[in-house]
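User: I would like to learn how to read a structural model, feature by feature. Where do we start?

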Amino acid sequence: MSGVRRPSRSPLRAVGVAAALTVVLAGCAAPDAEAPVAQQRSWDDVKAEAKGQTVALWMYGGDDQGNAYVDDVLAPAAAEQGVTLKRVPIADTGDAVNRILSERQANVTDGEVDLVWVNGDNFATGRQAGAWLCDWTSMLPNMAGTDPADPLLTTDFGNPVDGCEAPWHKAQFSLVYDSAKVTDPPTSLAGVLDWAQAHPGRFTYPAPPDFTGSAFLREALYSVSGGVSKVPLAFSQDDFDSLTPPLYDRLKTLAPSLWRGGDTYPQSQEELDKLYADGEVDMTMTYGPATLKDLVAKGTFPATTRVLPLEEGTLGNASFLAIPSTSGSQAGAQVVADLALSPEQQLAKAQPDTWGQFTVLDMDRIGDARAGFDQLPASDVVPSYEELSKNAQPELSAAWVPPLDDGWRREVAAG
């Protein structure tokens, strides 16, 4: 099933990467954790060096539309600029981070990874180890089409981007429902939990640390805690200890009313989507709602599928392209990242039948190119990004994610 979304496939992501980092660094001198900085030079010089280079883009390989976009749209455009773009499918973005850290430890200067689709804790882990090249995005001509004050593009799960990754697309967490079966949909996440309890067996969520299940957990934390203002974005053990018991208690109370009585959970969003497509549950969820239009058009999801707006808003973030400090094709990678930011590529990627991803460009900064975005087809299934992102909630810092997921396993899944 096509779907969605994300750079981080997650299950063991931060924990696994952190463990790998420990193993990699154990027993020998750690490489300098200071982020390498790109040499500032003219864009013509970058393009000249890039000609003839091959760029290996490591990215989650389970998204059919994303794979097709890179292979059929982005790669041919890169070839026109003299750069060969090779997509390397991976099961988890942490696999790319682990490879980079190993190469960095071994002082490799022409590693296997040249570009990574990344965000969140994988980006944070790489930054801690100096794995990413920094201060290069200011050289990209197409960065002029983005808003330099957009908080979704200047921070990544609470970590400053600092020119260490180029924005690729935006995402908005969304609950999705079958309007033929849920005729009086709730309007808040608290209402969704109440609805699930009143309709036994018709709702569930992916087990964290699945990416989507983990996002649902953060949404629930905001809701149970009384709103975004009640949850500090930066992690502290004291805040975790005071805020999470009510969250886990609410989810434990809910569990018997979930699909299969909460005895088991979908292990991924793909599993939850299949339950929804098969009519076993009435709601699903995604961090990439733009792809829903294609799923409905193909008949995978019922025609009565709709995104469920929540009055308090939902989580929003952006995903990025990062260049490893170990890449030997950094000029080529910069050319690909700039190309991916161009209005032509952003528009192609936003088309529902291509990938349907929300652009990172500011419509007031791209001149006549705006007309193409204005003509994107409206949908009964998915509201516009402007409507969808109304009251958008910030992501918690990456340091919140592993403790929240681990706590869910201890307190809810094992309970």
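Analyst: Start with burial. Buried means under 20% relative accessible area, exposed means over 50%, and partly exposed lies in between. Keep in mind that this is a predicted model.

User: Is A129 buried or exposed?

Analyst: A129 has a relative accessible area of 10%, so it counts as buried. It sits in the loop between α5 (120-128) and α6 (151-154).

User: How far is A129 from A207, in sequence and in space?

Analyst: The two are 78 residues apart in sequence. C-alpha to C-alpha, A129 and A207 are 29 Å apart in space.

User: Now the whole chain. How do I read its radius of gyration?

Analyst: Compare it with the globule rule, which is 2.2 Å times the number of residues to the power 0.38. For 415 residues, a compact globule would come out near 22 Å. The protein chain has 21 Å, which agrees. Along the principal axes, its C-alpha atoms fill a box of roughly 65 × 55 × 35 Å.

User: Which secondary structure elements does the chain hold, and how many?

Analyst: The protein chain has 16 helices and 10 strands.

User: What share of the residues is buried?

Analyst: Buried residues are 57% of the 415. The protein chain exposes about 15,800 Å², and carbon and sulfur atoms supply 50% of that area.

User: How do I read the contacts along the sequence?

Analyst: Take contacts between residues at least 6 apart in sequence. Of these, 83% join residues at least 24 apart.

User: On to covalent links. How many disulfides are there?

Analyst: The test is a pair of cysteine sulfur atoms within 2.5 Å. A search of the whole structure finds 1 disulfide. C134 and C164 form it, with sulfur atoms 1.9 Å apart. The pair links distant parts of the chain, 30 residues apart. C134 is in the loop between α5 and α6, while C164 is in the loop between β5 (159-160) and β6 (166-172).

User: Is that disulfide right-handed or left-handed, and why?

Analyst: Look at the torsion about the S-S bond. For C134 and C164 it is about 105 degrees, so the disulfide is right-handed. Both cysteines, C134 and C164, are buried.

User: Next, the backbone. Is the peptide bond from P208 to P209 cis or trans?

Analyst: Read omega. For P208 to P209 it is near 20 degrees, and the bond is cis. P209 lies in the loop between α7 (189-198) and α8 (211-225).

User: Where do N107 and F157 lie?

Analyst: N107 is in the loop between α4 (93-105) and β3 (115-118). The loop between β4 (155-156) and β5 holds F157.

User: What about a residue inside a helix? Where is G66?

Analyst: G66 is in helix α3 (residues 64-80). It is buried, with a relative accessible area of 0%. Leaving out residues up to four places away in sequence, G66 touches M59 and W355. G66 and T354 are 288 residues apart in sequence and 8.1 Å apart in space, C-alpha to C-alpha.

User: One last case. How does N98 count at 23% relative accessibility?

Analyst: At that value, N98 counts as partly exposed. N98 belongs to helix α4. Between N98 and A131 there are 33 residues of separation in sequence and 9.9 Å in space, C-alpha to C-alpha.

Notes: Residues are numbered from 1 along each chain as its sequence is written. This is a predicted model: local features need pLDDT of at least 70, side-chain atom pairs count only at pLDDT 80 or more; totals for chains, interfaces and linings use all residues. Side-chain values use heavy atoms; hydrogens and water are left out. Helices (H or I, at least four residues) and strands (E, at least two) are DSSP runs, numbered from the N terminus. Buried means under 20% relative accessible area, exposed over 50%, partly exposed in between (1.4 Å probe, protein chains only). Contact means heavy atoms within 4.5 Å. Accessible areas come from the Shrake-Rupley method with a 1.4 Å probe; for residues, only the protein chains shown count as cover.
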